[in-house]
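Thanks for coming. I have one chain to go through today, and I will keep to what can be computed from its atoms.

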Amino acid sequence: MSETTSRQPSNSLVRALGPLDATMIVIGSMIGSGIFITSAESARLVGAPGWLLLAWAIAGLMTITGALCCSELATMMPRAGGVYVFLREAYGPSFGFLFGWTLFLVVQTGTIAAVAIAFAKFLGVFVSSVAPEDYLIAPAPLGGGYAISLSTEQLVAILLIALLTWTNTRGLEIGRIVQNTFTFAKTAALAGVVIVGLVLGWNAISTVRSAAWWDSWANGWSSQIAQPGLSIVGGFALALLFGKAMVGPLFAQTAWTNVTFIGSEVRDPGKNLVRALLWGCGIVVILYLLANLAYIAVLPFPEIQHAPQNRVAVAMMNAVFGHPGAMCMAAAIMISTFGCNNGLILAGARVYYAMARDGLFFRKIATTNAFHVPAAALVAQGIWTAFLTLPRTMTKNPTTGTVVYGNVYIQLLEYIVSADLLFYILLVAAVMVLRRKNPDAQRPYRTWGYPLVPIISILLAALLIVDLAWIAPATSGIGIAIVLTGVPVYLSWRKCAT
């Protein structure tokens, strides 16, 4: 245990979350908008249903093996900050800080911003005035291909972030109730998508909906179309693009570690954290695989690849029930994104709280309010997240010459994929490091299948890092650069602390 940890005052957070609450944090943080939209891009990259399902299956395998390893660490160190604490104890405070810094800079806050925009986008299905082009403040160029704006869609996203930040400052009980209610609702909605797709589209599965399961070329797939500018062809090109196709599935389920951030607030963590991680991840992985099978059952594969605005789930429900089905699906996705953001906001603030208690973030962030929650950390997270909804990318359509605006935080999340996988490797490897470094520590749970499970998990993540570095070296390099911006910040904070 580090000296910093031993010097800290007693934790003022309260252990008020039971096994169901912790499991709802896992499920609720994982199920957002990703499962409903990312399959379109993955399908375009791989060109066949079999490869699409395999991409989700391998992403699920990484989630389950990671959860098995994380369970050992979580029960050893059930503290606020979770993964930040694990990396700090295994590799030193600098690694823990870089994780927390990247989480605050873009990973957690960028994900919250993206999910908030997704909520606003689907609200626009019901309220036409909520739209990305309905500007309150028109885009103002910032230079370098970026602009800043405030549309009605962005305003709704900011209001959602503010509302959920405020409710979570009012105590863990309110956050727990919101999380449980919306997680039950959206899990039921996703299960409904699965049932509708598999029951009503079962005959279509047997005929493969006129698409070859594994022969991408037979479906008209081309590596140059899937990845413009890619010079490699044949099976090797498909293998490279298969790795890129896993980016969406991984991000759709990457937030399972959030429950470790609230380790100080879970009752009987030696049992409940393990149950939450394994049951929560297992349920979501199975639902995700079945949801993609449902998409394939109902829709011809080209309709998955080219679903309007990538809304595959909406396209599926529209195909089955028409416009009412699409509207119901839009409402379900709003429920899903609302609950997802509540879990992300609740959990993320605990990491910055833990960093501040180590003297590696603003001192005020290390405090709790009268409701025993880190309100200052919640507010700081909310302010930065709201800002991330404002910047936009600017690109010019070469045909029409018109300017097209995108969202910069989505671009940042694409940049951070490789770095996020690197932290994943460090997390899994920490199990092995701490078994050597601190063999006598109490371990209420020991990783099943050790050391094979950690090795499999590390190899899969390492292969993906190499794949993305090969196929997209610029974005991978920028991702590492974003992480490294934390080095001078860490050195500055350490200097101030001494």
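First, the ground rules. This is a predicted model, in which local features need pLDDT of at least 70 and side-chain atom pairs count only at pLDDT 80 or more, while totals for chains, interfaces and linings use all residues. Residues are numbered from 1 along each chain as its sequence is written, and side-chain values use heavy atoms, with hydrogens and water left out.

Now the overall picture. The chain has 23 helices and 4 strands; these are DSSP runs numbered from the N terminus, with helices being H or I of at least four residues and strands E of at least two. Its radius of gyration is 22 Å, close to the 23 Å that the globule rule gives for 498 residues, so the chain is as compact as a globular protein of that length. That radius is taken over C-alpha atoms, and the rule is 2.2 Å times the number of residues to the power 0.38. Along the principal axes, the C-alpha atoms fill a box of roughly 65 × 55 × 45 Å.

How much of the chain is buried? Of the 498 residues, 58% count as buried, meaning under 20% relative accessible area, with exposed over 50% and partly exposed in between, for a 1.4 Å probe and protein chains only. The accessible surface comes to about 19600 Å², and 69% of that belongs to carbon and sulfur atoms. These areas come from the Shrake-Rupley method with a 1.4 Å probe, and for residues only the protein chains shown count as cover.

On contacts, meaning heavy atoms within 4.5 Å: among those with a separation of 6 or more, 79% are between residues 24 or more positions apart.

As for charge, there are 28 positive and 18 negative side chains, and the centres of the two sets lie 7 Å apart. Lys and Arg count as positive, Asp and Glu as negative, and His and the chain ends are not counted. Each charge is placed at NZ of Lys, CZ of Arg, CG of Asp or CD of Glu.

On to the helices. Helix 7, residues 152-169, has 18 residues and reaches 26 Å from its first C-alpha to its last, close to the 26 Å expected at 1.5 Å a residue. The expected span is 1.5 Å times one less than the number of residues. Its buried residues include Val156, Leu160, Ile161 and Leu164, and also Glu153 and Asn168. After helix 7 comes Gly171, with a positive phi near 120°.

Helix 11, residues 234-245, has 12 residues that should span 16 Å at 1.5 Å a residue, and the end C-alpha atoms are 16 Å apart, which agrees. Leu238, Leu241 and Phe242 are among its buried residues. What do the buried residues of helix 11 pack against? They pack against helix 3, helix 4, helix 10, helix 12 and helix 21.

That brings in Ala226, which is in helix 10. Ala226 counts as buried, at 14% relative accessibility. Leaving out residues up to four places away in sequence, Ala226 touches Arg44, Leu45, Trp221 and Leu241. Its C-alpha is 9.9 Å from that of Ala237, 11 residues apart along the chain.

Next, Leu421 in helix 20. Leu421 is buried, with a relative accessible area of 7%. Again leaving out residues up to four places away, Leu421 touches Met62, Leu250, Ala461, Leu464, Ile465 and Leu468.

Last, the loops, and some backbone angles to look at.

Asp268 has a phi near 45°, a positive value in a residue other than glycine. Asp268 sits in the loop between helix 13 and helix 14 and is partly exposed, at 45%. His372 is also not a glycine and has a positive phi of about 65°. His372 is in the loop between helix 17 and helix 18, and at 39% relative accessibility counts as partly exposed.

Two loop residues are buried. Thr257, between helix 12 and helix 13, has a relative accessible area of 12% and touches Val83 and Leu427, not counting residues up to four places away. Leu299, between helix 14 and helix 15, counts as buried at 2%.
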